[in-house]
Amino acid sequence: MTVTEKPALKFSLKIFPWLIVLAALAVYLATANRWVTFGSLPVVGKVLGWDWWSSQVTPPLLYLITLPFTWMPATSAPALMNALAAVLGALTLGTLARTVALLPQDRTREQRQKERTAGGLLSIPTNWIPPLFAAAALGFQMTFWEHATAATGEMLNLLLFAHLIRCLLEYRQDQKESWLWQFSFVYGLATTNNWAMIGFFPFFLIVLVWIRGKSFFKLKFLGKLAAFGLPGLLLYLVMPAIESSRGNGDFLTLLREQLGQQKLTLNSIPKWIPLILSFVVFFPLISMGIRWPSNMGEANPIAAFLTLLMFYLIHAVFLGFSIWVMFDPTYSPRTMALLTGNPFLTFLTFNYLIALSIGYYSGYFLVIFRQSEQRGWKRQSGLSTVLSWLITIIVWIGPVVMAGFLVHRNLPTIRGNNTAAFKEYSQRMASQLPETGAILLSEEPHLILLLEAHYAAAGKNPHLLLDTRYLPEARYQAKLAKHYPDRWTDFVKGKSLPDPLPRPLVAQLINQHARSNQLYYLHPAGGPHILEMYHQQPRGVVYELTAYRPNEAIAPPASAEEQKLNNSFWEEQRDFLNQLQPFSHQPYSDAAVVGRYLSRSLNKWGVALHQTGNTNAAAKFFDDALMMNPQNVVATINKHGKEENPEWTQDRRWIVLLREHGPFCVPELRAELAQSLATHGLLRQSAEQFEYAVRAKPGQISYLLAYSEVLLQAQAPQHALSLLEPVRRSADFAKLPVPTQVEIIRHESRAHLSLKNIRRAEEILLAARQQYPKEDMPLAGLLTVYLAEKKFSQALAIVDQQLALSPDKPVTLMNKGAIYLEMADNPKALALLEQAVKLSPENPAILMNYALAKLRSDDLAAAETNYRKVATLLTNNHAPYFYLGEIAFRQKKNDEAIRHYEKFLATANPASADARQAQQRLKDLKGG
């Protein structure tokens, strides 16, 4: 008799899986998203062409399957792709149901005594319960349900994985090698589409060897297996061929990048996470894979009973543990995926294997505690009968109870994904943008894709959408020129420029386009260098960028008109906020993601109102920010006016916090944030934070000094003087510690020097020299003044006084050598600079002066060596390349000279003398 001759087996193997498919399809279509979700947006964006800029490669099999959607209207394609995910998810559950029905229930002696079907398949009338249990556990599990109702591509990967396991069990049952050839081909397909299959290869290999035994190692069999796997692996060539034909790179480079992405993803996962998941998943699988002997060696009836009891207990623990994992506890696949920091990792394959365990172990208890015929003297006791019925009933109702609990727990999050929150948020972004001609910036690809999706549905995108993360890349510049041929030129093409481009050059590019386009940021920004030239003016949930005026260091406060417009906008969003509020505590729903976007915008506007003195209105916005995202730590601090999370204070990632949650109101925290921004060279953004801290804490001199330092570096000396002079004139100045007094005077003299008030700066420093004879600062300041006026004899006198105090100070020796360079006394300069280099061989400033002295001595080899060393020490400073260009020019190395001059000009001030000379040299060298 074949295994399918029994009616119960025919139902569980052939009919019931399709019933599961139909039921699951109905559930997933009913709960499917009607547009895009956070998880599906990258995939849908790639398929429909909204994401034309990122380097992420679409998995080849997914690309081929979704190709028809590219010809569909943008208004309906996302929903239809979600429907495809529902179909794939339902088929995965159907495959799971058949796979569970194929699991052998002959692993222990007790199973073999009660289930005598060929292959050990469960043949009792209720054999459909284990497949139902497994399907219910997986089908309503949060991660699976999310991805079965949105086009993330995960359902395709999981269906392939499920089919691989089915192939192995089908082969085990009927020994037809065609199942193994099918396995090999599908494994090749799955590997090209899913990096995880590379990680699973050793485990599948072990299972194949286990099933085939010694016959696995026959060369003929291995050759066939490889021959069927190779066609599937050829899909690796699909995307490089397509992208190279579109002009997005050469074939081999794109192929390497595709393989590199899989390798990078595998290597990015902390090794301990798969290790923990292996313990969670594979112990139950190994136990159900072992065919235990009929006699464990216990002659003693009590020992035999205890062994049997132990088997029951272990199986019960594995079943209970597998069920528990489906509710996403600490060590579940979903929780482990979140710990990787990659929001697009799912580990759904582990969930699938856990569902297999649930199917097997529930079947085990149905077999062990089934009511068998009473034969001869062997009769069941009353207690044994009651226990059998009780456990059987528990297994019967298990799928219903588990499905009920999972639905109760997870349906609210699925509903949160179906609120059309993303669609409405994209409409609110678009409503605050001009009708045409804007450049929209963001380093958050989801927001760019949301607007691309919005304008795709509208039929036309009137704006340039730029991902600031990629702007420095030459390839991205080429893609921009191709995508916006009339509005963006490929700045890099035909030029010898560094890749990535230096940040100042990127900012210059944006500034160039801003002359004919309005600039907007799609979210409250914190950290990008573009904000050194432009400040943000809130326009609802987007931010118009307005250029700073000359010598302006901080943005003006929100005007009365701006306050009125923004307050009106947020009042109009009240219904939208209330609609999203129930989902704010569900961190995984799309509504909660949109809530986090709104929360940081609400917090930023609250801070803007707080800075104008409107603290009551600001408090309401902080409340709304927390309503949208209770985990917004910045809004929590702003609301209470102090820190309330001592654990958070141990690890402050300032710029990350600013980007994710918005700015602070607490002066102490704003000052710390300002220091962090200043260390990254973000001076105007730092000044904005210091401005508030200084006004809130006027007696905090450390804030004032740090603020004035930032202002001086940001070329805003008049603003610095407005801070420093009142302190100098105050009666409390004399009460300050001497080092603090000296530092304030130093800043004041520097400010006057920047303003070309050289006489005033000299007066201040000479007076300080009299008042603080033991301090070095007045001498250093006077040296700067005399060098600015080219009073070299007086500058030498100052340096000699400094050397009298510290004869071997390298910087002082360098200063004296630099003065002799200015005086064209190269031998004296060279002697001093050689001494300074010996004392400090890694100091870039000393090396630059030393290289210049060597250059003027016509020692080109030594000059080149030192300029190259400076270039390696100062990777963001291209000044050495001007001199390297000059050296190459003298040596008649024209191509090398061109490269150096172009690299120098990438960041040089075009109006400087060196830049003009480099431009002329290039013109001469290129013959133009």
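Which residue in β5 does Y520 stand opposite? The residue is E544. The legends below describe close-up views of a predicted model.

**View 1. An open sheet is built from 5 strands.** The strand order is β2-β1-β3-β5-β4, and the pairing is mixed. Strands β2 (464–467) and β4 (534–539) stand at the edges. Each of these two has a single partner strand, so one side of β2 and one side of β4 are left without a neighbour in the sheet. From one strand to the next, the twist averages 30 degrees.

**View 2. Strands β1 and β3 run parallel.** Strand β1 covers residues 438–442 and strand β3 covers residues 518–521. The two are joined by 4 bridges. A438 stands opposite Q518 in β3, and L441 has Y521 of β3 as its bridge partner. In a regular strand, side chains alternate between the two faces of the sheet.

**View 3. Strands β3 and β5 pair in the antiparallel sense.**

**View 4. The largest cavity has a volume of about 100 Å³.** The model holds 3 cavities of 30 Å³ or more. The largest cavity is lined by 16 residues. Closest to its centre are L62, L84, L88, A151 and G153. Helices α3 (60–66), α4 (77–102) and α8 (154–174) each supply at least two residues of this lining. Helix α4 gives the most, with 4 residues. By class, the lining of the largest cavity has 11 nonpolar, 4 polar and 1 charged residues.

**View 5. The second largest cavity has a volume of about 70 Å³.** Its lining consists of S12, V100, A101, L103, Q105, L122, N127, P130, P131, G359 and Y360. At least two lining residues come from each of α4, α6 (129–139) and α17 (348–368). The lining of the second largest cavity divides into 7 nonpolar and 4 polar residues, with no charged ones. Helix α4 also contributes to the lining of the largest cavity.

**View 6. Helices α6 and α17 cross at roughly 150 degrees.** The axes of α6 and α17 come within 8 Å. Angles over 145 degrees count as roughly antiparallel, and α6 and α17 are therefore roughly antiparallel to each other. Their crossing is right-handed. Both helices supply residues to the lining of the second largest cavity.

**View 7. Helices α35 and α36 cross at roughly 160 degrees.** Helix α35 covers residues 777–788 and helix α36 covers residues 792–805. The axes of α35 and α36 come within 8 Å. By the crossing angle, α35 and α36 are therefore roughly antiparallel to each other. The crossing in which α35 passes α36 is left-handed, whereas that of α6 and α17 is right-handed.

Note on methods. Residues are numbered from 1 along each chain as its sequence is written. This is a predicted model: local features need pLDDT of at least 70, side-chain atom pairs count only at pLDDT 80 or more; totals for chains, interfaces and linings use all residues. Side-chain values use heavy atoms; hydrogens and water are left out. Two strands pair if DSSP finds at least two bridges between them. Axes are lines fitted to C-alpha atoms, for helices over the stretch in contact, and angles run from 0 to 180 degrees between N-to-C directions. On a 1 Å grid over the protein atoms alone, a cavity is a set of points where a 1.4 Å probe fits but cannot get out, and a pocket is an open set with protein on both sides within 12 Å along at least five of seven lines; lining residues have an atom within 4 Å of a point. Grid points are joined across faces, edges and corners, and a volume is the space filled by probe spheres set on the points. Ala, Val, Leu, Ile, Met, Phe, Trp, Tyr, Cys and Pro count as nonpolar, Asp, Glu, Lys and Arg as charged, and the others, Gly among them, as polar. Angles under 35 degrees count as roughly parallel, over 145 as roughly antiparallel, 65 to 115 as roughly perpendicular and the rest as oblique. A crossing is left-handed if the near helix is turned anticlockwise from the far one by less than a right angle, and right-handed if clockwise.
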